[in-house]
Amino acid sequence: MLNKLFGSRSAEWVLYYMLAYNKGYATGISTIFGVSLNAIQKQLIKFEEAGIFVSFLEGRTRIFTWNPRYP
């Protein structure tokens with residue numbers, strides 16, 4: 001439904017996941033939706049570069065969350 005707006009199905013799935021859980025990591029998102037890990041990782045990086053998400057490391061896992069400074 002939102003893939004037309006955001007340009008890809010993986011972008012839609014990442015946003016749905018983040019709206020539901022507020023934070024997540026690429027493997028968890030790809031497992032839930034049954035999508036390739038690479039597609040989810042690329043989308044998370046795009047959102048981070050755009051300033052929508054920020055990330056941090058918990059151990060060896062990169063966790064993404066909403067950027068509180070994003071308008």
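Predicted model: local features only at pLDDT ≥ 70, side-chain atom pairs only at ≥ 80, totals over all residues.

Biologist: OK, and how many bridges hold strand 2 and strand 3 together, and in which sense do they pair?

Modeller: There are 6 bridges, and the pairing is antiparallel. Within it, Ser55 sits opposite Phe64 of strand 3, and Val54 sits opposite Thr65 of strand 3.

Biologist: What's the strand order in the whole sheet?

Modeller: The order is 1-3-2, in an open sheet of 3 strands with antiparallel pairing. Strand 1 (23–24) and strand 2 (53–58) are the edge strands, each pairing on one side only. Helix 4 packs on the sheet, where it touches strand 2 and strand 3. The direction of helix 4 makes about 120 degrees with that of strand 2.

Biologist: How many bridges are there between strand 1 and strand 3?

Modeller: That antiparallel pairing has 2 bridges. Lys23 is the residue standing opposite Thr65 in strand 3 there.

Biologist: Now the greasy part. Which residues touch the most other members of the largest nonpolar core?

Modeller: Those are Val14, Met18, Ile29, Ile40, Leu44, Phe47 and Phe53, out of 15 residues in that core. Helix 2 (9–21), helix 3 (26–33) and helix 4 (37–49) are the elements that each give two or more residues to it. Helix 2 has the largest share, with 6 residues.

Biologist: Pick one of the core residues. What does Ile40 touch?

Modeller: Leaving out residues up to four places away in sequence, Ile40 touches Ser10, Val14, Ala26, Ile29, Ser30 and Val35.

Biologist: Which residues of helix 3 are buried?

Modeller: Ala26, Gly28, Ile29 and Ser30. The buried residues of helix 3 pack against helix 2 and helix 4. Just after helix 3 there's Gly34, with a positive phi of about 65 degrees.

Biologist: Switching to rings. How many aromatic pairs does the count come to?

Modeller: It comes to 4. One of them is Trp13 with Phe33, a stacked pair at 5.8 Å centre to centre and 15 degrees between the planes. That pair links distant parts of the chain, as Trp13 is in helix 2 and Phe33 in helix 3, 20 residues apart.

Biologist: And how accessible is Phe33?

Modeller: Phe33 has a relative accessible area of 28%, so it goes down as partly exposed. Another pair is Tyr17 with Tyr21, which is tilted, at 4.6 Å centre to centre and 40 degrees between the planes. Both of those tyrosines lie in helix 2, 4 residues apart, which is about one turn of the helix.

Biologist: Is Tyr17 buried or exposed?

Modeller: Buried, because its relative accessible area is 10%, under the 20% cut-off.

Biologist: Which rings form a cluster?

Modeller: Phe47, Phe53 and Trp66 form one aromatic cluster. Phe47 and Phe53 also turned up among the core residues that touch the most other members.

Biologist: Last stop, then. Where does Asn67 lie?

Modeller: Asn67 is in the segment after strand 3 (61–66).

Biologist: Why does Asn67 count as buried?

Modeller: Because its relative accessibility is 19%, and the cut-off for buried is under 20%.

Biologist: What is the Asn67 side chain doing in there?

Modeller: A polar atom of the Asn67 side chain lies 2.9 Å from the backbone oxygen of Gly51. Setting aside neighbours within four places in sequence, Asn67 is in contact with Gly51, Ile52, Phe53 and Val54.

Terms used
Residues numbered from 1 in each chain as written. Heavy atoms only, no water. Buried < 20%, exposed > 50% of the residue type's maximum accessible area, 1.4 Å probe, protein only. Polar contact = N/O pair within 3.5 Å; in protein donor to acceptor, adjacent residues only side chain to side chain. Contact = heavy atoms within 4.5 Å. Core = buried A, V, L, I, M, F, W, Y, C linked by side-chain atoms within 4.5 Å. Pairing = 2+ DSSP bridges. Axes fitted to C-alpha atoms, helices over the stretch in contact; angles between N-to-C directions. Phe/Tyr/Trp six-rings, centres within 6.5 Å; stacked < 30°, edge-to-face > 60°.
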